[in-house]
There are 2 protein chains.
Amino acid sequence: MSLAAASSVTPDPDRPGRHVAEIAPGWDIVGNANGGYLLALAARAGADAADGRLPVSITAHYLAPGKVGPIELDSEVLRVGGRFSTVRTTMADADRTLLAVLGTYAEIDPATPAHPTERVDASPPDMPSPDDCTPVEPTDTFPPPFMGKIELRLHPDDASYGETPGGTPRFRGWFRLHDEEPVDAFGLLVAVDAFPPTIFNAGLPVAWTPTVELTAHIRRLPRAGWLRCQFTTRFITGGFLEEDGEIWDDTGQLVAQSRQLAVLPRA
Amino acid sequence: MSLAAASSVTPDPDRPGRHVAEIAPGWDIVGNANGGYLLALAARAGADAADGRLPVSITAHYLAPGKVGPIELDSEVLRVGGRFSTVRTTMADADRTLLAVLGTYAEIDPATPAHPTERVDASPPDMPSPDDCTPVEPTDTFPPPFMGKIELRLHPDDASYGETPGGTPRFRGWFRLHDEEPVDAFGLLVAVDAFPPTIFNAGLPVAWTPTVELTAHIRRLPRAGWLRCQFTTRFITGGFLEEDGEIWDDTGQLVAQSRQLAVLPRA
């Protein structure tokens, strides 16, 4: 099932602002739906509430794990401006709220010429070609089933996670959706949370770092092809760590930036 | 008036979840209240709704400028967990919604020993002492009245903004509140938006970049004294720019990290 199908949402005709949807099977990490996939679902509801505008800045706080099955998405449009709409959305299953989301939506038209003011003081990560990187194949546990929905090719220097950590909390690699499904704004929200946690490469005795909050900024829609991705952590301190993501398309344009705050297990 | 007084909020006994407050005079940039100050006001309402827990990750979307006068803050607690509470808050004046905020709140106890897992791959910015940096003094226009509520000392290399831009979209400098008021979690929310926009130092023909969204992560409460701050922009692209902030206390600990998305005026 494509991401487009797995993230489809349907307006509830009886409840203004409500969409119903399903958390589809296979998008999970050991039973819990991937955070980027959940965000894509919420963003589709938000974008529909915003009359088709797309998320340019969207933040999710993760309240409870998402399991396969029906969900409800309630969106409230807080403002509609000439350029931006602000929408907040909650996702709930039968038992509880899973996700709280707040986003600003706008038109992101790939045909729009570049803004004349451009300045980028960074480069896409330097990596071998996808064929020379390390594919991540899904299993029932680790790597998780979710890896069957996407294609991930890790930089060989970063691919020893779980075995001989390189000591740098970083992952670089290529991303695309399964079957080369084009990556739209919602696909980018999957991409920003698709890589293994950076802590896996930190050489530290920490196995899992739940996401508290994730914010993604979408700068452009990507051209077709592999996306070049990099996730880094500089601050493991105060019981938390950030994970900063950059996603570039194959024309060398930055398409998305992300940061998530994850929590270390209590000592 | 101290920040504590200027950001105080009062529960409305007739409306559960509602606080009333005032946008105080003097916290403005040419008539519009500073974004960090507005966020501090909203966070005080959110923290009260979260039974005194403090924001560890908080995001504000800016919908309309805040003017001096009464406001209402409506908070909804979405989840209370053993460690985290999630609260969303809106701020409105008599006419419209000004701010939409979503935050995760927790106890941040300065007496708690450091988590045993610590790793920081960054350093506080290297700067001359506050006495050897360039103070920013308030005027009615620029620098704005807000600068009278805080003390800002810019790195001399970054202080030529508006005159001879250095060409690097960065500000480094020292921050403290006026009268050496201790900086608590709410003071940190002011600090993350207290510096001039990085674009002022970019050597680009752009005068103003309104904030769409600001996210702050609070890692620790600072020890007393000056805070060492750095704000940088790497990506002016797609019509937007990010502004990444790091705030360190005078013991060399990272206390807060921030990122805001600002929009370039239409070409």
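## Close-up views of a predicted two-chain model

**View 1. Around B:A50.** Beyond its neighbours within four places in sequence, B:A50 is in contact with B:S85, B:V87 and B:Y105; contact means heavy atoms within 4.5 Å. The model is predicted: local features need pLDDT of at least 70, side-chain atom pairs count only at pLDDT 80 or more, and totals for chains, interfaces and linings use all residues. Residues are numbered from 1 along each chain as its sequence is written, chains are lettered from A in the order in which they are written, and side-chain values use heavy atoms, with hydrogens and water left out.

B:A50 sits in the loop between α2 (35-49) and β5 (54-62) of chain B. Helices (H or I, at least four residues) and strands (E, at least two) are DSSP runs, numbered from the N terminus. B:A50 and B:V87 are 37 residues apart along the chain, and their C-alpha atoms are separated by 7.1 Å. Is B:A50 buried or exposed? It counts as buried, because its relative accessibility is 4%. Buried means under 20% relative accessible area, exposed over 50%, and partly exposed in between (1.4 Å probe, protein chains only).

**View 2. Around B:P210.** B:P210 lies in the loop between α3 (185-191) and β13 (211-218) of chain B. Its relative accessibility is 37%, so B:P210 counts as partly exposed. Which residues does B:P210 touch, not counting those up to four places away in sequence? They are B:L261, B:A262 and B:V263. The C-alpha atoms of B:P210 and B:P265 are separated by 8.3 Å. Along the chain, these two residues are 55 residues apart.

**View 3. The fold of chain A.** Chain A holds 3 helices and 17 strands. Its C-alpha trace spans about 55 × 50 × 40 Å along the principal axes. Of the 267 residues in chain A, 59% are buried. Among contacts in chain A with a separation of 6 or more, 67% are between residues 24 or more positions apart.

**View 4. Charges on chain A.** Chain A carries 22 positive and 36 negative side chains. Lys and Arg count as positive and Asp and Glu as negative; His and the chain ends are not counted. The centres of the two sets lie 6 Å apart. Each charge is placed at NZ of Lys, CZ of Arg, CG of Asp or CD of Glu.

**View 5. Chain A laid on chain B.** The same surface serves both copies: 98% of the contact residues of chain A recur in chain B.
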